[in-house]
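The following exercises concern a single protein chain. Please consult the sequence and the structure as each solution is read.

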Amino acid sequence: DKPFVPASVNKVVTAWLAMEVLGSDHRFETRFYLGGDRTLYVRGGGDPFLISEELALLAPKLVAAAGKTPLSGMVLDASYYPADLRIPGIEDTDEAYDALNSALAVNFNTIHAVRRGKSVRSAEKQTPISPLAISQFRARAPNGRSRISLAQQDPAVSVRYAGELLAAFIKRAGGSVKGKIRAGSVPESLEPVYVHRQSRALSEILTQLLLGSNNYIANQVFLEIGAHRLGGPVSLKKSLQVAGEILAKYDLAEAIHIEEGSGISRANHFTARGLAKLLHHFAPHAGLLRRSRGGSRFKTGTISGVRTLAGYAKTSRHGRVRFVISLAGNTGKMRYRLLRAIERGL
């Protein structure tokens with residue numbers, strides 16, 4: 001019953017809340033509008049998996065809907081997320097795990113490239129290099145291959161990068177954007193010419209979230225929980241309110257305290273008893289978690305001085321049992337030794 005910092009085990013709570021509120025088949029949407037002067041307007045819906053492969057899927061459909069006549073420009077509307085949104089625990093660094101959350105961002109609001117002096121090329125064959133990516137890498141990235149976050153000081157930078165990458169995929173699909181790419185709002189008089197529904201259902205996104213432990217994805221999902229139930233735009237306050245109501249419904253409000261959805265904040269606090277109880281409710285979704293060689297399902301958590309592990313151990317005599325391990329220190333091997341002991345000893 002002593003509270004501990006869960007680190008990324010927090011993502012199990014986010015996944016459970018998302019399944020409770022959004023449902024396994026939920027799909028994020030991005031909307032596209034066409035003005036009379038052939039300006040393309042893009043309204044972001046907080047899709048956490050708007051990655052290069054997804055842009056390659058949507059671009060041909062968008063070009064088919066808008067036509068191949070050159071677009072006179074692109075206006076990017078990210079107003080679904082407030083410009084001053086800040087997540088507790090996210091710091092002002094170039095690290096990918098500190099990427100800002102956004103209504104309209106691509107590739108988890110990061111750029112993955114290779115720098116050799118002033119020369120910059122994409123580190124991914126599926127991702128074209130863009131002028132903004134080159135300038136950002138020249139200014140902020142070390143030589144060699146790396147992934148940097150976008151954009152701590154000016155959120156408009158990440159929105160512009162999304163526009164540049166979208167324009168590159170439109171070109172690949174047979175269309176073109178001739179004019180400027182800028183931030184702005186969708187005129188109220190316009191109706192969408194194309195609505196892209198994410199190819200991955202929420203259950204698949206959560207599987208990738210729990211496997212890769214991506215902080216950006218976790219908080220995109222967490223923010224959608226509040227907006228889905230209380231209406232947009234998103235806010236951390238709305239999501240914390242909805243989370244609090246659900247935790248109270250299951251008598252977990254005192255045992256599970258969250259400040260955000262990823263576990264990056266040290267202000268998140270769980271008790272082992274509370275998390276074990278939550279794992280009981282999450283059990284129908286245990287298949288979303290990483291599988292060990294012994295058949296157990298688990299999620300890890302790692303920040304300085306904190307090593308956690310929780311999930312469902314497959315034991316030799318008692319079948320599947322819930323477990324929670326929280327250790328102080330900076331070595332993570334002991335938690336796996338404990339899990340193997342649980343698997344063999346029960």
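**Exercise 1.** Which residues in α1 meet which residues in α6?

*Solution.* The model is predicted: local features need pLDDT of at least 70, side-chain atom pairs count only at pLDDT 80 or more, and totals for chains, interfaces and linings use all residues. Residues are numbered from 1 along each chain as its sequence is written, and side-chain values use heavy atoms, with hydrogens and water left out.

Step 1. Contact means heavy atoms within 4.5 Å; helices are DSSP runs (H or I, at least four residues), and strands likewise (E, at least two), numbered from the N terminus.

Step 2. From α1, K11, T14, L17, A18 and V21 meet N215, A218, V221, F222, I225, H228 and R229 of α6.

Step 3. Seven of the residues in this contact are nonpolar, three polar and two charged.

**Exercise 2.** At what angle do α1 and α6 pack?

*Solution.* The angle is about 35°, and the axes lie 10 Å apart. Axes are lines fitted to C-alpha atoms over the stretch in contact, and angles run from 0 to 180 degrees between N-to-C directions.

**Exercise 3.** In what order do the four strands of the open sheet lie?

*Solution.* Step 1. Strands pair if DSSP finds at least two bridges between them.

Step 2. The order is β11-β12-β13-β14, with antiparallel pairing.

Step 3. β11 (290–291) and β14 (319–328) are the edge strands, each pairing on one side only.

Step 4. Seven bridges join β12 (residues 297–303) to β13, and T300 stands opposite L309 in β13.

Methods
Nonpolar A, V, L, I, M, F, W, Y, C, P; charged D, E, K, R; others polar.
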